[in-house]
Amino acid sequence: MADLDLSTIKTIDDLDVEGKRVLVRADLNVPIENGEVADDTRIKRVLPTISKLKQGGAKVILMSHLGRPKGERSPETSLRPVAARVEALLNGGPVRFFDDCVGPEVENGLKALGNGDVAVLENLRYHQGETANDIGFAKQLAALGDIYVDDAFSSAHRAHASVEAIAHLMPAYAGKLMMAEINALTKALADPKRPVMAIVGGAKVSTKIDVLKNLATCMDVLVVGGGMANTLLNAQGVNVGNSLYEPDFVDTVKEVLASAERAGCEIFLPVDEVVAKELAPGTEWDVCDVNTIPSDMMVLDQGPKSIERLKARLGEMSTLLWNGPLGAFEVAPFGKGTLALAEEAGHLSQEGKLISIAGGGDTVRALNMVGATPSFTYVSTAGGAFLEWLAGRQLPAVVALSTSQIEPAQTAVA
């Protein structure tokens with residue numbers, strides 16, 4: 001986020017919202033099963049913003065996308081079940097649902113909202129103008145409110161109408177979750193308590209090469225795990241057997257290694273590996289030194305020596321930034337390394353010895369599995385936006401919030 005003044009972002013902390021219609025862009029993109037919300041984590045994370053606005057007397061209007069409907073309506077992508085779950089979680093009056101997100105019927109219907117009331121609009125992506133960042137669609141959304149609040153950091157990397165264009169049309173503020181995400185990531189990257197370690201895992205190095213490039217210049221220790229590590233090992237002359245790796249990226253990885261050396265960043269790779277002939281539940285597996293991987297075997301997790309070595313190094317750190325598993329986490333027993341690391345990081349965080357920030361679906365799942373989530377300093381709700389930030393890129397929604405200059409009117413629009 002270089003060259004972006006985050007101090008210019010306005011927050012809702014001291015905002016007068018009484019009687020005003022506040023459009024809140026939330027990330028309510030949650031799994032729906034049998035017509036009900038299967039996991040309400042993302043809804044719960046936006047509740048502090050909703051509650052503060054309600055208490056301030058605002059007319060709270062929630063908008064979000066759900067899935068990728070490409071303009072076509074279906075029960076599976078409707079936010080109706082989400083509205084019901086918001087109502088249950090708020091436990092303070094009904095939440096009104098509108099079966100569209102723009103248009104005269106929605107505008108007229110919202111006039112019935114009283115101070116402290118909450119409404120949920122239908123899926124933004126039922127309109128193609130949303131993903132096209134269409135200014136006309138953004139103006140239709142802006143017509144529904146007096147103030148705009150963005151509390152959807154996990155959508156911040158997309159230049160869509162409800163997160164980018166709209167912020168230039170009306171007074172724009174960051175919600176509590178948005179600011180928590182920005183502050184946590186800024187602290188970990190721009191001004192961390194050192195020494196700081198980043199752990200980056202996953203299958204393919206090609207998907208996170210920009211992340212590695214950026215972190216190699218600002219971390220003290222960069223741990224690479226999962227299939228990504230195989231490409232780095234191969235770049236150092238290691239025969240990785242039948243493992244997943246990307247030969248086309250070996251030269252790029254060598255540049256990352258050189259960059260890390262110039263910056264004084266230690267690249268931390270496994271010394272032993274858990275290997276098997278196939279990735280399947282119940283398959284036979286073995287542990288071998290990283291330099292003796294059999295040609296017919298594939299690396300599926302870090303070995304016990306690597307994990308103990310990593311835990312010891314983690315104990316010397318002050319800050320941890322973590323995205324991605326160390327092995328083929330989705331198939332037992334190849335998640336052992338990831339789970340052991342999650343447990344250790346949780347203990348260190350709970351003891352106050354480590355500032356820990358994590359993001360990404362598999363990482364969060366690992367934390368949940370060992371009960372480490374509450375111990376972590378911050379757990380991000382974002383996936384793509386988290387990675388974009390780690391790569392040092394500017395996020396359209398954050399840029400829009402930091403450059404929005406429109407001030408709220410003294411009185412609410414009738």
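Which elements do the buried residues of α11 pack against? The legends below refer to a predicted model, and the first view takes up this question.

**View 1. Helix α11 and the elements that cover its buried side.** Helix α11 is made up of residues 336-350, 15 residues in total, and from its first C-alpha to its last it reaches 21 Å, close to the 21 Å expected at 1.5 Å a residue. Gly337, Thr338, Leu341, Ala342, Ala345, Gly346, Leu348 and Ser349 are the residues of α11 that are buried. Because these residues cover an arc of only 165° around the axis, they fall on the same side of α11. Their packing partners are β9 (196-200), β14 (298-302), α10, β15 (319-323), β16 (355-358) and α12 (361-369). On the face of α11 that is turned away from this buried side are the exposed residues Lys336 and Gln350. Just after the helix, Gly352 adopts a positive phi of about 80°.

View 2. Helix α9 comprises residues 250-263, and its 14 residues reach 20 Å from the first C-alpha to the last, close to the 20 Å expected at 1.5 Å a residue. Val250, Thr252, Val253, Val256, Leu257, Ser259 and Ala260 are the buried residues of this helix, and what covers them includes α7, α8 (227-235) and β11. Between Thr252 and Lys213 the C-alpha to C-alpha separation is 9.4 Å, although the two are 39 residues apart in sequence. Following α9 comes Gly264, with a positive phi near 75°.

**View 3. The salt bridge between Arg25 and Glu130.** The closest N and O atoms of Arg25 and Glu130 are 3.7 Å apart in this salt bridge. Arg25 belongs to strand β1 (residues 21-25) and Glu130 to helix α4 (residues 128-131), so the pair ties together parts that are 105 residues apart in sequence. Both Arg25 and Glu130 are buried.

**View 4. The salt bridge between Asp210 and Arg393.** Here the closest N and O atoms, one from Asp210 and the other from Arg393, lie 2.1 Å apart. Asp210 is situated in helix α7 (residues 209-215), whereas Arg393 is in the loop between α13 (384-390) and α14 (396-403), so that this pair ties together parts that are 183 residues apart in sequence. Asp210 is partly exposed, at 30% relative accessibility, and Arg393 is likewise partly exposed, at 32%.

**View 5. The salt bridge between Glu266 and Arg313.** The side chains of Glu266 and Arg313 meet in a salt bridge with an N to O distance of 2.8 Å. Glu266 is in strand β11 (residues 266-268) and Arg313 in helix α10 (residues 304-314), and the pair links these distant parts of the chain across 47 residues. With a relative accessibility of 28%, Glu266 counts as partly exposed, and Arg313 is partly exposed with a relative accessible area of 23%. The count of salt bridges in the model comes to 16.

**View 6. A salt-bridge network of Asp40, Lys44 and Arg85.** In this view, salt bridges link Asp40, Lys44 and Arg85 in a network.

**View 7. The aromatic pair of Phe153 and Trp389.** The count of aromatic pairs in the model comes to one. In this pair, which is tilted, Phe153 and Trp389 lie 5.9 Å apart from centre to centre, with 55° between their planes. Phe153 is located in the loop between β7 (147-150) and β8 (172-174) and Trp389 in helix α13, so placed that the pair links distant parts of the chain, 236 residues apart. Both Phe153 and Trp389 are buried.

**View 8. Surroundings of Thr77.** With a relative accessible area of 12%, Thr77 is buried. The side chains of Thr77 and Ser74 are joined by a polar contact of 3.0 Å. When its neighbours within four places in sequence are left aside, Thr77 is in contact with Leu66, Pro69, Glu72, Glu122, Asn123 and Tyr126.

Notes:
Residues numbered from 1 in each chain as written. Predicted model: local features only at pLDDT ≥ 70, side-chain atom pairs only at ≥ 80, totals over all residues. Heavy atoms only, no water. Buried < 20%, exposed > 50% of the residue type's maximum accessible area, 1.4 Å probe, protein only. Polar contact = N/O pair within 3.5 Å; in protein donor to acceptor, adjacent residues only side chain to side chain. Contact = heavy atoms within 4.5 Å. Salt bridge = Lys/Arg side-chain N within 4 Å of Asp/Glu carboxyl O. Helix = DSSP H or I, 4+ residues; strand = E, 2+ residues; numbered from the N terminus. Expected span 1.5 Å × (residues − 1). Arc of directions from axis to C-beta. Phe/Tyr/Trp six-rings, centres within 6.5 Å; stacked < 30°, edge-to-face > 60°.
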